[in-house]
Amino acid sequence: MPRILGVDIPNNKKVPFSLAGIYGVGLVRARLICEKCGIDQDKRAFELSDDELAQLTNFIDKNFVVEGNLRREVQGNIARFREIGCYRGRRHAAGLPVRGQRSKTNARTRKGRKKTVANKKILRK
Amino acid sequence: MSRSSKKGPYVDLKLLAKVEKQKEDGKRTPIKTWARACTVVPDFIGHTFAVHNGKVFHQILITDNMVGHKLGEFSVTRNYRGHGADKKK
């Protein structure tokens, strides 16, 4: 299994799809990277030579923020929102959807599993 | 959709004028405003605004990492006091 940027071990897929396994690299970027490095996109990841791997690593490192650094950047942004007490920060702190989605129903991804309130229907009457 | 960058940020001109006036005479009293849509520009740093939320004015001291946000983002319009069941505890 080839290794790029330390931790990432992409698999036996074609190179662009394999690169997309890196946090911060999607298909669009992956294709761009292949193009710039002059790598055949139909090649499988395990067929890459050491030289090509080094070239890819180098290119990604120079041009994009990926993996740990990117995660830290995103976390930092959220921390900033919380600190300045803006709307987005409050939504993050409250564990509610941040981008204006409805929260009367749904929003279960952010809110977690349903918390059933006993006798809610009876009380409403 | 986000605002066209050609136009530049939206800043309430009257509000900006007030800030500049404060800069001149050195006073830092909170500026009452309803201009929630006004972008925070670097000139605002260190000034206090009382931003209306539809009911009351929230006082906000502008710091440097608030630049680029809108004034309204710092003055919440909804007041959530928890549901009945949460309160009993």
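How much area do chain B and chain A bury between them, and what share of it is on carbon and sulfur atoms? Chain B and chain A bury about 690 Å² between them, with 61% of it on carbon and sulfur atoms; buried area is the accessible area (1.4 Å probe) that two parts lose on being put together, summed over both.

This is a predicted model, in which local features need pLDDT of at least 70 and side-chain atom pairs count only at pLDDT 80 or more, while totals for chains, interfaces and linings use all residues. Residues are numbered from 1 along each chain as its sequence is written, chains are lettered from A in the order in which they are written, and side-chain values use heavy atoms, without hydrogens and water.

**The interface**

Eight residues of chain B are in contact (heavy atoms within 4.5 Å) with nine residues of chain A. The table gives the counts between the two chains.

| Pairing between chain B and chain A | Count |
|---|---|
| Salt bridges (side-chain nitrogen of Lys or Arg within 4 Å of a carboxyl oxygen of Asp or Glu) | zero salt bridges |
| Polar contacts (a pair of N or O atoms within 3.5 Å; within protein, one able to donate a hydrogen and the other to accept it; residues adjacent in sequence count only if both atoms are side-chain atoms) | three residue pairs, both at pLDDT 80 or more |

On the side of chain B that touches chain A, there are four nonpolar, three polar and one charged residues. Here Ala, Val, Leu, Ile, Met, Phe, Trp, Tyr, Cys and Pro count as nonpolar, Asp, Glu, Lys and Arg as charged, and the others, Gly among them, as polar.

**Salt bridges**

Over all chains, the structure holds three salt bridges. In one of them, Asp42(A) pairs with Lys14(A), and the closest N and O atoms are 3.5 Å apart. This pair links distant parts of the chain, 28 residues apart: Asp42(A) lies in the loop between helix 2 (27–37) and helix 3 (50–63) of chain A, and Lys14(A) in the segment before helix 1 of chain A. Helices are DSSP runs (H or I, at least four residues), numbered from the N terminus.

**Leu70(A)**

Leu70(A) is placed in helix 4 (residues 67–84) of chain A. Leaving aside residues up to four places away in sequence, Leu70(A) touches Tyr23(A), Gly24(A) and Val65(A). Between Leu70(A) and Gln41(A) there are 29 residues in sequence and 25 Å in space, C-alpha to C-alpha.

Notes: Helix = DSSP H or I, 4+ residues; strand = E, 2+ residues; numbered from the N terminus.
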